[in-house]
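The exercises below are meant for someone meeting this structure for the first time. Please look through the sequence and the model, and then work each task before reading its solution.

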Amino acid sequence: MATLTDVEIKKLLNEPSSVTMRPSYEGGNINTAIGFKCDHYLLEAAVLDHFRAVGLGATELYLVHGVNFDVVGVDTRLHTVLTLDDDVLLEVTPKIRETDTEMVFAVSAIVQRDGAPKKAVTSKLRVLLRRDTNIDNPDPLPAELRRFVVDRLATEQPTALEATPVDDFAGAVHRGENTDTDPVLAEIIGDDNAVGWKWKVPYYYCHFTERMQMSGYLRQMEEAKHIFVASRGISIKRMLDERGWIPVVTQCKLRFTDETVMEENLYTVYTVESIFKDMLYTSRLDFYVVRDGRLVRTATGSITHGYCHKETPESEWQMAVFDDEVLRALRGE
């Protein structure tokens, strides 16, 4: 196996790179606009390409060096809509200081609008290399990269839990409905303006045979919005059919606080925290597991939503103002 040169290490940790990609067709859920989840797929792919350019693709990292590439944090702003056939220029700029123990990459997604480049998405992605004990006798990474290798992505201090978990999925999980039927959810939510559900993490939300990956949490973040508005009587389809309102995301953050293992029971809780100028509302997402009778938060984040008018072209979408019905629903009144 070829050893990374000083030039390649410098390129990985200090020098920008770029790649042009197109969004996944999966993300064209409403008109040809791409949802925030698939925006993040592009961002992650661009950082993976940054590694691949110096010979450290995810396969090489895993099979040769015995480490897993993991995005453990995102902090993203969405400035304009990406559409299905956009050629998206993704610029990756390392923001790594000599004392950092996480790799931080600023990523910009740039598209052409009216003959000029425009930033559609900007984000900071945090990356760790998690040691994998399934690989025997791995080749060591260069010394400059070893500070980013960890045995565990994060470890959260457990908190006391009065409720006794019920491991019963016979009646489904009632996503967004009757959360008081699960004692753990009832204790977590309390009197908050929130919905939540319990579910068993499937393998296709995970990677490296074991753990839930960033995209799995983002998929839950997307589902939580869908479930919340449906539970409040303002479902996505109703708003589309009756008012032509398209849900949009302007900002989202998510970071790991622990690890979630495949087939663990995960509690997803979506809590509305603030409403801004009757046009945007921000919700917190928290993810929990129960271990040894105590509650462990494995990830936390936030997402800011609004609506745009369907009638205007995607490039000129205008924000809708919440009316009384929507405001009451968001507030839980």
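**Exercise 1.** How many salt bridges does the structure hold?

*Solution.* This is a predicted model, in which local features need pLDDT of at least 70 and side-chain atom pairs count only at pLDDT 80 or more, while totals for chains, interfaces and linings use all residues. Residues are numbered from 1 along each chain as its sequence is written, and side-chain values use heavy atoms, with hydrogens and water left out. Begin with the rule, which asks for a side-chain nitrogen of Lys or Arg within 4 Å of a carboxyl oxygen of Asp or Glu. By this rule the structure holds 27 salt bridges. One of them joins R211 to D70, with the closest N and O atoms 2.9 Å apart. This pair links distant parts of the chain, since R211 lies in strand β9 (residues 211-212) and D70 in strand β2, 141 residues apart; strands here are DSSP runs of E with at least two residues, and helices are runs of H or I with at least four.

**Exercise 2.** Describe how the two domains meet.

*Solution.* First take the bounds: domain 1 covers 1-151 and domain 2 covers 154-332, as given by an automatic or database domain assignment. Their centres, taken over C-alpha atoms, are 25 Å apart. The contact (heavy atoms within 4.5 Å) takes 25 residues from domain 1 and 27 residues from domain 2.

Next consider the area buried between them, which is about 2400 Å², with 57% coming from carbon and sulfur atoms; buried area is the accessible area (1.4 Å probe) that two parts lose on being put together, summed over both. Across this interface the rule finds 4 salt bridges.

Finally, ask which elements build the side of domain 1 that touches domain 2: α2 (36-52) and β2 (67-78) each supply at least two residues, and β2 gives the most, with 11 residues.

**Exercise 3.** Does the radius of gyration agree with or depart from that of a compact globule?

*Solution.* The globule rule is 2.2 Å times the number of residues to the power 0.38, and the radius is taken over C-alpha atoms. For 333 residues a compact globule would have a radius of gyration near 20 Å, and the protein has 21 Å, so the value agrees.
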